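These are my notebook entries on one protein chain.

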Amino acid sequence: MLKYILKRLVYILIALYIIVTATFFLMQLAPGSPFASERDFPPQIEEQLNAKYGLDNPWYIQYKDYLIDTVTFDFGESMKYKGRSTNDIISESFPISLTLGIEAMILSIGIGILLGVIAALYHNRTIDYLASTIAVLGISVPSFILAGLMQYFLAFKLDLFPVSGWKGFIYSILPAFAIAITHAGFIAKLTRSSMLEQKSSDYVKMARAKGLGKWTTVFRHTLRNALLPVVTYLGPLSAGVVTGSFIIEQIFAIPGLGKHFVTSITNRDYTVIMGTTVFYSIILLFAVLVVDILYSVIDPRIKLKGAKK
């Protein structure tokens with residue numbers, strides 16, 4: 001286990017280096033500058049600002065400084081939010097995004113597994129068709145459209161939830177559902193297919209022959225093996241929740257890290273772009289590592305090195 005984790009950490013460092021390098025050169029190729037949107041900006045002041053942030057240095061000097069900032073995880077002051085460091089922005093806004101992301105993941109996994117199990121148990125019956133239809137609709141409707149519909153009908157028309165903002169748990173319900181529904185549809189389809197495959201296995205037939213009930217067989221035997229495809233989806237799910245929160249936080253005016261990431265790109269705030277990109281990359285890379293380790297926990301027959309015995 002330790003050898004495997006150390007090996008994966010090396011791969012994570014290599015992947016992170018590639019991401020950091022790609023981000024740097026993409027910012028270099030992007031037209032404009034962080035101060036291009038300022039009106040009536042004196043050239044002398046712009047030169048001073050470029051010197052302050054090192055933007056007047058050759059690209060290789062900027063690249064070296066960028067790598068040092070990444071290693072030390074100190075990205076300096078934001079170029080747009082005066083007096084605020086990138087690290088402060090991350091530490092203040094990430095807990096909000098983390099809360100929203102955890103809620104969305106719990107909802108997507110819970111709803112998806114429930115729909116998948118019900119659809120498999122009542123295969124080719126009305127409940128199966130209904131659950132499958134809900135799953136397909138969830139996959140088909142983009143999260144930002146679903147967010148707008150929920151804002152209009154549930155918040156504006158019915159006044160059941162606040163339209164936007166972040167002042168308590170009730171403010172997180174609609175955005176969490178907007179992120180979760182699409183992923184819940186994927187998980188429901190995976191769970192249904194896996195459950196149907198497990199239902200025809202010998203150990204399930206033996207459990208039913210012993211007199212175990214339908215739901216007892218599901219929770220004691222079938223579900224554990226059927227969850228392996230769902231665990232496989234946890235990596236893409238983490239990435240989807242993170243990237244999905246970018247636009248959702250904008251729509252619901254949530255002061256999370258995703259909103260800062262979107263606005264930093266619009267404002268060409270290089271320090272915030274670099275900081276948030278590195279931070280999100282670390283989270284997603286480690287999420288994939290955790291998913292791989294979970295394989296061996298759910299099914300010990302799966303070896304971490306990839307061999308199945």
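**Entry 1: salt bridges**

With which residue does Arg 192 form a salt bridge, and how far apart are the closest N and O atoms? I found that Arg 192 pairs with Asp 128, the closest N and O atoms being 2.9 Å apart. Arg 192 lies in helix H7 and Asp 128 in helix H5 (residues 126-140), so this pair ties together parts that are 64 residues apart in sequence. I noted that Arg 192 is buried at a relative accessible area of 17%, and that Asp 128 is buried at 0%.

Before going on, I recorded the basis of these values. The model is predicted, local features need pLDDT of at least 70, side-chain atom pairs count only at pLDDT 80 or more, and totals for chains, interfaces and linings use all residues. Residues are numbered from 1 along each chain as its sequence is written, and side-chain values use heavy atoms, with hydrogens and water left out.

I also wrote down the terms. A salt bridge is a side-chain nitrogen of Lys or Arg within 4 Å of a carboxyl oxygen of Asp or Glu. Buried means under 20% relative accessible area, exposed over 50%, and partly exposed in between (1.4 Å probe, protein chains only). Helices (H or I, at least four residues) and strands (E, at least two) are DSSP runs, numbered from the N terminus.

How many salt bridges does the structure hold? I counted three salt bridges. Glu 92 is paired with Arg 84, with 2.5 Å between the closest N and O atoms, and Arg 84 is partly exposed at 26% relative accessible area. Lys 64 is paired with Asp 65, and here the closest N and O atoms are 3.5 Å apart. Lys 64 is partly exposed at 42%, as is Asp 65 at 29%.

**Entry 2: the chain as a whole**

I listed twelve helices and zero strands in the protein chain. The C-alpha trace spans about 85 × 55 × 30 Å along its principal axes. Of the 309 residues, 42% are buried. I then turned to contacts (heavy atoms within 4.5 Å). Among those with a separation of 6 or more, 72% join residues 24 or more positions apart.

I recorded 28 positive and 20 negative side chains, the centres of the two sets lying 19 Å apart. Here Lys and Arg count as positive and Asp and Glu as negative, while His and the chain ends are not counted. The place of a charge is taken as NZ of Lys, CZ of Arg, CG of Asp or CD of Glu.

I looked up Glu 249, which is found in helix H10 (residues 228-251). Glu 249 is buried yet has no salt bridge, and the nearest side chain of opposite charge, Lys 259, is 8.2 Å away. What lies 2.9 Å from a polar atom of the Glu 249 side chain? I found the backbone nitrogen of Lys 259 there. Leaving aside neighbours within four places in sequence, the contacts of Glu 249 include Ser 97, Leu 100 and Ile 254.

Ile 251 is also found in helix H10, and is partly exposed at 26%. Beyond neighbours within four places in sequence, Ile 251 is in contact with Phe 144, Ala 147 and Gln 151.

**Entry 3: loop residues**

Is Ser 78 buried or exposed? I found Ser 78 buried, with a relative accessible area of 0%, in the loop between H3 and H4. Its side chain makes a polar contact with the side chain of Asp 269 at 2.5 Å. A polar contact is a pair of N or O atoms within 3.5 Å; within protein, one must be able to donate a hydrogen and the other to accept it, and residues adjacent in sequence count only if both atoms are side-chain atoms. Outside the four-place neighbourhood in sequence, Ser 78 is in contact with residues including Tyr 53, Arg 84 and Thr 271.

Phe 73 lies in the loop between helix H3 (59-72) and helix H4 (86-121). I noted a positive phi of about 55° for Phe 73, although it is not a glycine. Phe 73 is partly exposed at 28%.

Asp 159 is placed in the loop between helix H6 (143-157) and helix H7 (170-199). Its phi is positive, about 55°, although Asp 159 is not a glycine. I recorded Asp 159 as exposed, at 61% relative accessibility.
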